[in-house]
Amino acid sequence: MEPAFISPWLAGVLTALVAVAYAGVTGWMLGVSGLFDAALRRRVSNEDLLAALEAATLAQFGEQPGAGAAEGPATAPSDRNARRWFLPGMLLGGLAWRLLSPATGLEWGTLGPSMSLWLPSLGARVGVLFGSGVLLGFGARMAGGCTSGHGLSGVATGQRGSFVSVAVFWTVATALSAVMNRVAGR
Amino acid sequence: MACPKAEGCALYELFTSRALLGVWKTYYCLGQHENCERFKRSETGQEIDDTLLPNGQSLQPVKQR
């Protein structure tokens, strides 16, 4: 069965709304790989580092009564909570969409007819997906952002590096997709 | 303009954890991020140590009792 994906125009509008809402709630531009990286790096948030950072703060800025405190915490709890919940929310949102929209015609683990042709076994698909995720992570960190950070936030705010990044990954992805579809006879 | 690299910055998380540290965020992340050493290194693709401060100095963790 040919999967019926959501209209790319509608998906684009919805994705843009997510990016705008995220910026409105947190005050920061959306970047999923950056959020993932930050989540993994929370291990450095220990008391030793914080104590050293406070000492460095006083050395850099001096004794400033209420520095950063006069206006309350540097980041409001709702801000930080919104950022922490974004990643699990993204996964749960995709799952909810799948459960509530059975008409998409996608079956669990198939990833569409092209992937089924290239990778007939589920094990191979899982392996390729995992490997792709690792490579994507490396690429995103090397490029300073991923499709959301560069493609949504960076381009929208006129970052030159983001235009270059989007041009590169868009060209490569489109060419690769065309080749795969051609070989698959679609 | 806010620093576009803040979300992936290891120190930004710390800057938001205590009120005293918010001055870094105000001065660099929300202010002159182009003067932040971490930002400049990320722009040139250099490795950024978790202990590198925005002013270019290295953070020396101290053990607390």
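Student: How many helices and strands does the secondary structure of chain A come to?
Tutor: This is a predicted model. Read along the sequence, the elements of chain A follow the pattern α-α-α-α-α-α-α-α. The secondary structure of chain A therefore comes, by DSSP runs, to eight helices and zero strands.

Student: What percentage of the residues in chain A is buried?
Tutor: A residue is buried if 20 or more other C-beta atoms lie within 10 Å of its own. Chain A has 186 residues, and the buried share is 15%.

Student: What is the mean pLDDT of chain A, and in which helix is confidence highest?
Tutor: The mean pLDDT of chain A is 77, with 74% of its residues at 70 or more. Over residues 65-78 of chain A the pLDDT is below 50, although this stretch has 21 contacts in the model beyond near neighbours in sequence.

Student: Is α1(A) largely in the open or covered?
Tutor: Helix α1 of chain A covers residues 8-26, and its 19 residues reach 27 Å from first C-alpha to last, close to the 27 Å expected at 1.5 Å a residue. G27(A) follows α1(A) and has a positive phi, near 85 degrees. The number of buried residues in α1(A) is one of 19, so the helix lies largely in the open.

Student: Is M29(A) buried or exposed?
Tutor: M29(A) sits in the loop between α1 and α2 (32-40) of chain A. The cut-off for burial is 20 or more other C-beta atoms within 10 Å. M29(A) has 25 of them within 10 Å, so M29(A) is buried.

Student: Which residues is M29(A) in contact with, leaving aside its neighbours within four places in sequence?
Tutor: M29(A) and A156(A) are 127 residues apart in sequence, while their C-alpha atoms are 9.8 Å apart in space. A contact requires C-beta atoms within 7 Å. Leaving aside neighbours within four places in sequence, the contacts of M29(A) are A23(A), S153(A), T157(A) and P4(B).

Student: How many residues of α6(A) are buried?
Tutor: Helix α6 of chain A (residues 122-142) has 21 residues and reaches 30 Å from its first C-alpha to its last, close to the 30 Å expected at 1.5 Å a residue. Just after α6(A), G144(A) takes a positive phi of about 75 degrees. α6(A) is hardly covered, and the count of buried residues among its 21 is one.

Student: How are α7(A) and α8(A) oriented to each other?
Tutor: Helix α7 (residues 147-156) of chain A packs against α8(A) with the axes 9 Å apart and at an angle of about 130 degrees. α7(A) passes α8(A) in a left-handed crossing. The contact includes H150(A) and G154(A) of α7(A), and F163(A) and V166(A) of α8(A). An angle over 145 degrees would count as roughly antiparallel and one of 65 to 115 as roughly perpendicular, and α7(A) and α8(A) are therefore oblique.

Student: What percentage of the residues of chain B counts as buried?
Tutor: Chain B has three helices and zero strands, and from the N terminus on its elements run α-α-α. Chain B has 65 residues, and the share that counts as buried is 46%.

Key. Residues numbered from 1 in each chain as written. Chains lettered and ligands numbered in written order. Predicted model: local features only at pLDDT ≥ 70, side-chain atom pairs only at ≥ 80, totals over all residues. Helix = DSSP H or I, 4+ residues; strand = E, 2+ residues; numbered from the N terminus. Buried ≥ 20, exposed ≤ 12 C-beta atoms within 10 Å, placed from the backbone. Expected span 1.5 Å × (residues − 1). Contact = placed C-beta atoms within 7 Å. pLDDT = per-residue confidence, 0-100. Axes fitted to C-alpha atoms, helices over the stretch in contact; angles between N-to-C directions. Parallel < 35°, antiparallel > 145°, perpendicular 65-115°, else oblique. Left-handed = near helix turned anticlockwise from the far one by under 90°.
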